[in-house]
Amino acid sequence: MIPLLFIISIVSFLLMTMAPGDPTAMFVNPESSKGAEQDLSAIRDKLGVDKPIYVQYAKWIKMIVLDGDFGYSFQDGRPVLEKIVERIPATLLLMGTAIFISFLIAIPIGIYSAVRQYSPLDNTFTFLSFLGISIPSFFFAIMMMLVFSLKLGWFPASNMRGDGGNLPTALDILYHLILPASVLAFGLVAQYSRFMRSSMLEVIHQDYIRTARAKGVTEGKVVFKHAFRNALLPIITLIGLQLPHLFGGALIIEQIFAWPGMGRLAIGSIFIRDYQVIMGVTMVTAVLVVIGNLLADILYAVVDPRIQYGKT
Amino acid sequence: MIKKLTAVTIAAVLLISLLSGVSSAARSGFDPKKVGGKVVLTSFSDAVTLIPLRANDQASNDIIGMVFDSLVRKDFYGQPIPGMAERWTYDAKTLSYTFYLRKGMKFHDGKPVTANDVKFSFDMYTHPKTLNTYKADFTDIQSVTVVNDLTVKFTLKKKNVFFLTNAANSGAILPKHLFPRGIDDYNADNSYFSRHPVGTGPFKFKEWRTDERVVVSAFNDYWNGRPYLDEVITRILPDNNVESINLIKGDVDFVQVISPRTVADVEKSSNLKTVVYDRGRFDYIGWNNDNPLFQDKKVRQAMNYAMDRQAVVSKIMLGRGYLGTGPFHPKLPQENKNVKPYPLDLNKAAQLLAEAGWKKGSDGILEKDGKKFEIEIAYNNGNVTRPKVAQILAQNLKKLGIKASVRGYEWSLFLDKQQKGTLDMYVLAWGGYDGNVEHYGILHSSAIPDKNGDGGNNAWHVHYSKVDQLLEAYLQEEDSSKRNKIYQELHAFLADEAIAIFTHHPKLTAGMNKNLLGVRISLSSPYFNIEDWYWKK
Amino acid sequence: MSQQNAVIDQGLAAERQTEWSQQGKMQTRAAAVWNRYKRNKFAVAGFIVFTIYILAAIFAPLFSQYDPESFDIMDADLAPSLSHPFGTDSMGADVFIRALFGARISLSVAVIATTVTVAFGVIYGAVSGYFGRAVDMIMMRIVDALQSIPSFFLLLIIAAIMVPSMWSTIIALSTFGWLNMARIVRGEILSLKERDYATAALVTGEPKRAIIFYHILPNAIAPIIVIATLDIANNIIAEATLSFLGLGIQPPTPSWGNMLSSAQELVTLTTYPWTALFPGLCIMIAVLAVNFIGDGLRDALDPRQKNK
């Protein structure tokens with residue numbers, strides 16, 4: 001796990017410092033008649049960005065290993081970790097809700113589609129789910145915003161909170177959450193239902209299901225007691241696979257709906273070349289994902305008695 | 001200047017004495033019935049730091065402007081008027097200003113404001129180690145001394161006719177008691193103060209949620225009476241589109257700039273109104289004047305004759321703008337009315353290019369010394385008008401036999417290249433100035449950036465001794481009408497030299513809730529009188 | 001972007017296993033696959049649509065009475081008509097011509113990027129899977145490491161590194177696009193190399209390289225084709241998304257992505273919707289078509305479908 005994080009850090013550090021933009025560009029504002037005379041070389045010196053890449057990296061890795069410190073944002077000088085931590089709840093809330101909604105919808109669809117393979121409804125679901133992965137998410141998000149916020153006025157278009165209407169905080173957040181979470185879920189449902197379908201098909205063709213059928217077990221029981229439980233196993237793997245997205249946030253959706261999460265922080269930092277924050281987001285995400293995958297493995301072992309750890 | 005200042009001072013004293021009979025905590029015309037309610041504003045980006053003069057971004061400075069106050073304020077036309085100082089005197093012999101503070105002023109935390117706070121603030125701004133972003137405005141200050149609790153004296157190193165409107169106006173007064181470590185606290189990037197500022201302005205800081213909102217609320221003890229609004233909320237929204245959607249939906253009350261094409265959508269809504277206003281800014285297509293292509297004045301003039309300014313104003317800005325002639329807004333006295341915009345005249349342009357030695361090659365492209373005339377016009381991605389402005393020029397250049405293309409760049413890349421002088425041509429704007437405009441920082445030869453983009457903002461590489469002289473003389477001239485004449489001369493010179501294509505000065509359109517009243521937008525700020533905004537009852 | 005692949009591959013990985021070991025039946029197998037493919041109507045439709053797209057992209061210059069990069073601001077925002085079948089955009093360019101030339105760029109980007117990722121992913125996966133042990137461990141650790149960063153975040157960083165252009169977009173899509181392919185191929189190889197024909201070849205003293213490329217890889221062709229198809233679909237979407245963030249192909253060069261994203265202005269969507277509608281449809285239909293092809297291929301290449 002440590003070498004893994006090490007690889008990630010080197011790769012992302014290299015990538016970033018190769019970028020053509022200059023991190024001091026954010027300190028210059030060519031559109032304002034104020035603040036024209038800044039000493040950019042002093043800023044570069046302070047940020048250490050004029051040093052060779054390996055010196056910058058050595059300094060950075062030393063800071064992390066020795067002090068457990070991710071450094072400070074170039075932009076506002078706040079500790080990187082603090083900037084990340086304050087955004088994690090918003091991202092987890094948005095992504096968690098979206099993933100939860102999509103499982104709730106996708107699993108029944110997947111089961112139905114597998115059991116009634118090639119039925120008209122299965123074909124409809126197939127078509128819809130392909131549609132779901134065929135629309136660029138930014139376009140879909142903006143269309144939804146136009147319809148549900150602007151035309152119908154049902155939901156707010158931006159941010160996570162309103163401006164002190166009569167709603168209690170939790171309800172207010174929920175009210176703001178619905179639109180972005182649904183937009184995200186739309187794409188996810190498409191993927192998960194396809195996945196559930198093929199996973200279910202896989203199980204249905206297994207011998208023990210045939211045996212169960214042959215023994216005269218009712219169809220409902222076959223589907224839900226035998227097939228469903230086994231088909232759930234890959235779903236756990238899927239949760240593991242989804243972790244990078246869970247933590248990394250849905251960059252585009254957060255950006256469009258002005259959701260104050262990690263994705264927006266990531267995009268913003270890339271645009272202004274705030275290296276320290278980009279590195280921080282990358283590393284924090286990677287660590288969380290590695291831990292998450294480990295948990296998924298353990299959960300898998302608990303659910304599936306055939307797997308025993310220590311053997312592999 | 002002394003005469004004028006004295007006049008202002010007398011007027012101020014008169015005003016104060018008139019007011020003092022009424023109440024110390026209410027401005028003239030204060031109407032208690034207008035008090036109440038909150039307004040939601042927008043910003044594209046989150047604030048960075050709320051320590052005055054540490055930030056250079058609009059978002060931070062807008063909030064700082066509401067929370068902090070300074071000795072001198074500016075009126076609608078940019079003239080200095082009493083702020084925290086109820087009056088001041090100037091002694092030309094010793095180059096010193098003496099400011100007399102109002103009695104009984106308080107910081108938002110209840111502590112009284114004294115001359116020590118004023119001295120402390122300017123010590124921070126002029127400290128050798130200071131990270132003050134606008135350091136240049138303060139370099140002429142020699143010393144600040146406390147005369148007594150309410151009197152403070154500034155001594156200058158040399159004459160500075162903009163001292164009142166620059167340093168004394170932008171030097172926000174800091175609470176000394178919240179900076180125990182002095183300059184280290186001022187320079188600290190991540191202090192408690194930087195996210196929980198305490199000032200003396202009309203609004204006090206209330207809440208800052210990263211990437212969501214900054215909230216300020218009315219300060220009841222403000223020396224000029226509390227603002228009418230109870231709260232001002234600034235929401236961080238990603239772009240113009242989303243701003244407009246929120247405005248139309250009613251979740252936002254005021255949007256500074258509605259794009260010309262979107263105005264119709266906003267006006268359709270019965271709850272909204274739009275206000276067209278002037279902003280002290282110029283839009284231009286610039287180039288590096290040291291680029292061999294543009295070293296010939298005739299070529300530069302040809303570029304100007306090839307630009308269809310009228311199309312920009314009528315087709316892109318939909319009529320909301322003035323034709324550009326130079327870096328001075330037509331509403332300012334520094335503008336030279338005799339300078340006419342270059343008309344669209346492709347024949348003239350072709351003739352000038354021919355005179356400059358550019359001949360059409362076999363492929364129809366202009367050539368000189370075996371080199372083809374090929375340029376790229378750059379703009380920053382995400383801006384909806386600039387690609388069109390670039391396109392209009394490119395179309396005409398193509399007709400002249402110049403291989404012109406347009407290209408969008410991501411913002412930080414664009415800035416980097418523009419500052420380093422490596423873009424052929426670029427579409428950009430410069431703004432936020434009022435009657436105190438001075439272009440030393442963008443036109444003086446000493447401000448030409450080096451290859452790394454360091455050393456100044458004269459990215460168009462203008463260097464004429466005449467321009468330098470005019471810029472310097474302007475800063476020394478005390479008589480404002482003579483001063484304006486100097487810039488009028490500069491204006492004419494720059495136009496003839498065709499240092500860039502000055503395309504237009506846009507008129508901007510703000511969109512707001514129909515019931516939001518009292519809004520006045522000055523050349524330099526849309527929030528000029530935000531303490532006087534109020535809701536129709 | 002690769003998450004969708006990952007999901008579908010899971011199914012694939014579980015489904016493959018059988019049958020592909022019998023070599024020498026390529027002819028009949030291809031026929032059988034085509035027969036099965038034909039039965040899937042969506043897949044056939046997808047194939048036809050995609051062929052039309054490719055033809056349109058190739059022959060785009062034949063249609064152009066307008067230059068895709070020329071604009072006349074005086075003709076901005078014209079509704080669709082005979083002379084401008086898709087209308088004009090806010091810059092006054094013909095949307096139909098731009099969509100045609102956009103197809104060239106967008107499809108080239110997607111196809112070239114996919115070719116690169118397939119080539120690299122297959123080689124990487126094959127080497128890792130065949131050599132196993134320490135080599136495999138190290139190579140897969142690297143893949144693990146890169147896969148634990150959100151893929152779109154990586155894509156953004158790469159795109160931001162370069163001066164945006166068509167080639168920078170291709171490089172951005174390729175640089176980390178091969179991870180999934182490498183993982184799948186490696187799994188394939190791991191299971192295939194234990195088969196009799198592979199061990200037999202080893203015994204006869206054939207070089208390892210030959211064994212990988214002549215004996216093992218051809219048997220792993222089914223999942224490779226399917227994933228490659230889906231990668232094309234993903235890359236079309238990714239190009240559009242990069243353009244939305246201003247990091248993709250730069251206007252005025254037309255790509256579906258930058259056409260769609262420059263049409264996101266509120267007034268355009270409410271008043272001149274065709275500017276957004278046509279590039280949006282182009283992307284959607286192309287991606288749908290490719291996905292249907294992929295789905296059809298998956299079913300057709302899946303031996304169990306024969307029983308039905």
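I began with residues 105–131 of chain C, where the end C-alpha atoms lie 39 Å apart and the span is 100% helix and 0% strand. I note at the outset that this is a predicted model, and I read every value below with that in mind.

I then looked up what the record says about this stretch, and found that UniProt, in an unreviewed entry, places the feature "transmembrane region" at residues 42–63, 105–131, 152–179 and 276–294 of chain C. I checked one of the other listed spans as well: over residues 42–63 of chain C the chain is 95% helix and 0% strand, with the end C-alpha atoms 29 Å apart.

The unreviewed UniProt entry also carries the annotation "domain: ABC transmembrane type-1", which covers residues 103–294 of chain C. For residues 103–294 of chain C I noted 80% helix and 0% strand, and the end C-alpha atoms of this span lie 20 Å apart.

Next I turned to a pair of helices in chain C. Two packed helices are described by the angle between their axes and the distance between the axes. The axes of α6 (residues 133–147) and α9 (residues 179–192) of chain C come within 10 Å and cross at roughly 140°, so α6(C) counts as oblique to α9(C). I recorded the crossing of α6(C) past α9(C) as left-handed. From α6(C) the contact is made by Met140(C), Val143(C), Leu146(C) and Gln147(C), and from α9(C) by Leu179(C), Ala182(C), Arg183(C) and Arg186(C). By type, the residues of this contact between α6(C) and α9(C) divide into five nonpolar, one polar and two charged.

Last, I looked at backbone angles in chain A. Most residues other than glycine have a negative phi, and most peptide bonds are trans. With that as background, I noted Tyr118(A), whose phi is near 65°, a positive value in a residue other than glycine. Tyr118(A) is found in the loop between α5 (88–115) and α6 (120–132) of chain A.

I noted Asn159(A) too, which has a positive phi of about 70° although it is not a glycine, and which lies in the loop between α7 (137–151) and α8 (169–204) of chain A.

Technical notes. Residues are numbered from 1 along each chain as its sequence is written. Chains are lettered from A and ligands numbered from 1 in the order in which they are written. This is a predicted model: local features need pLDDT of at least 70, side-chain atom pairs count only at pLDDT 80 or more; totals for chains, interfaces and linings use all residues. UniProt positions are given in the numbering used here, feature names are shortened, and annotations may be inferred rather than shown by experiment. Helices (H or I, at least four residues) and strands (E, at least two) are DSSP runs, numbered from the N terminus. Axes are lines fitted to C-alpha atoms, for helices over the stretch in contact, and angles run from 0 to 180 degrees between N-to-C directions. Angles under 35 degrees count as roughly parallel, over 145 as roughly antiparallel, 65 to 115 as roughly perpendicular and the rest as oblique. A crossing is left-handed if the near helix is turned anticlockwise from the far one by less than a right angle, and right-handed if clockwise. Two residues are in contact if their C-beta atoms, placed from the backbone, lie within 7 Å. Ala, Val, Leu, Ile, Met, Phe, Trp, Tyr, Cys and Pro count as nonpolar, Asp, Glu, Lys and Arg as charged, and the others, Gly among them, as polar.
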